[in-house]
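Please keep the sequence and the coordinates open while reading.

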Amino acid sequence: MTTPAYPPKPVPGDRVAVISPSAGLPGILPLPYELGLERLRKEYGLEPVEYPATRRMGSTPRERADDIHAAFADPDVKAVMASIGGDDQITVLPLLDRELIRANPKPFFGYSDNTNLLAHLWNTGIVGYHGASVMGELGRPGAMDPLTAESVRAALFTSGEYELRPAERWRDVDRDWADPATFASEPETRPGTGWTWVNADRVVEGRSWGGCLEILAWLLMADREIPRDLSVHDGGVLFLETSEELPSAEEVFRVLRSMGERGLLRRFSALLMGRAKTWSFEHPNSPQEGAHYAAEQREAVLRAMGAYAPDSTIVFDVDLGHTDPQIVIPYGGAIRVDGPARRITVTY
């Protein structure tokens, strides 16, 4: 493991790889995917390049690893973006050529199951970018949320500090991507509630690590991409979020408890907790039910952090991960959490 460094950034006109390291959903849900490609071209001036497994469901781990290698090795490709997440990217990790990727550092954008590849890049010495999938964020019905679009543009093209701000409006209710009517209008949103701060009496500056909590749990169970020397996280900023599978509050607590027992939680001086996803097609919660779910998750996080990292600064409801709008978080990059000023600044 080496300290992650920022890879060179693309400029408008460059080619960007679009890959499916997890599920090949572009092949069965083309509407958000094609819209995302169109926005890459028209709004960001980038030329997407696809690979054999990008639109193919059921690709083998080897086929997906080959696409990752091809994307990073191509000197004409200046960034790599995931089409979407999935649930089995952990099977791709053992097949990756770390030296090939280290020799060809590029910005990689993705989240959810792509936490696997982001953690791999962290240990390879490359800062990645948690967020901005082609189907989810670039393929948003109606238009990209301005907060998302601004964050993606800054993460793609700039190299410097970027101050996060809470969303004025947000949503987590999805509509059917197979239905063309879904894309005729923007999704309904609700007023934002701002961030909630705990132990906000200090300023924390450190490198980030984390991602989707469920994926981190799998990495911990398989003992993959978890640094042996946990001191590399001392003083760092942990960021976590949960997916549309809506893990129970007790499950969230147990994962955090396991991280605490491993000695991980106490290493970080701050935690950014993403706004909880509270709705899914399997669990179409009402706003009241969703608020109850989010409150229970918050209490579970507070219980675990109180037991294992009671002095850490915590910020709840940061717009990262499975939420809309979504702010891109540099994975392995610098984050400043200023409690007294109630400000969060990332370095892209």
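Serine 112 has a relative accessible area of 11% and is therefore buried, where buried means under 20% relative accessible area, exposed means over 50%, and partly exposed lies in between, computed with a 1.4 Å probe on protein chains only. This is a predicted model, in which local features need pLDDT of at least 70 and side-chain atom pairs count only at pLDDT 80 or more, while totals for chains, interfaces and linings use all residues. Residues are numbered from 1 along each chain as its sequence is written, and side-chain values use heavy atoms, with hydrogens and water left out.

Although serine 112 is not a glycine, its phi is positive, at about 60°, and the residue lies in the loop between β4 (108-110) and α4 (115-124); helices (H or I, at least four residues) and strands (E, at least two) are DSSP runs, numbered from the N terminus. Leucine 246, which is not a glycine either, has a positive phi of about 50° and sits in the loop between β11 (236-241) and α8. With a relative accessible area of 11%, leucine 246 is buried.

Two prolines in loops come next. Proline 325, in the loop between β13 (313-318) and β14 (329-331), is joined to aspartate 324 by a cis peptide bond with an omega of about 5°. Proline 284 is placed in the loop between β12 (268-274) and α9 (287-308), and its relative accessibility of 53% is why it counts as exposed. Leaving aside residues up to four places away in sequence, proline 284 touches Trp279 and Glu289, contact meaning heavy atoms within 4.5 Å.

Methionine 259, if residues up to four places away in sequence are not counted, touches Trp209, Leu213, Leu220, Leu238, Leu264 and Leu265.

How do the axes of helix α8 (residues 249-261) and α9 cross? They come within 8 Å of each other and cross at roughly 20°, the axes being lines fitted to C-alpha atoms, for helices over the stretch in contact, with angles from 0 to 180 degrees between N-to-C directions. The two helices are therefore roughly parallel, since angles under 35 degrees count as roughly parallel, over 145 as roughly antiparallel, 65 to 115 as roughly perpendicular and the rest as oblique. The contact, to which α8 contributes residues including Val252, Phe253 and Leu256 and α9 residues including Ala300, Val301 and Ala304, has eight nonpolar, two polar and five charged residues; Ala, Val, Leu, Ile, Met, Phe, Trp, Tyr, Cys and Pro count as nonpolar, Asp, Glu, Lys and Arg as charged, and the others, Gly among them, as polar.

A further pair is formed by α4 and helix α7 (residues 213-222), whose axes come within 9 Å and cross at roughly 60°, which makes α4 oblique to α7. Thr115, Asn116 and Ala119 of α4 make this contact with Ile215, Leu216 and Leu219 of α7, and by class the contact has four nonpolar, two polar and no charged residues.
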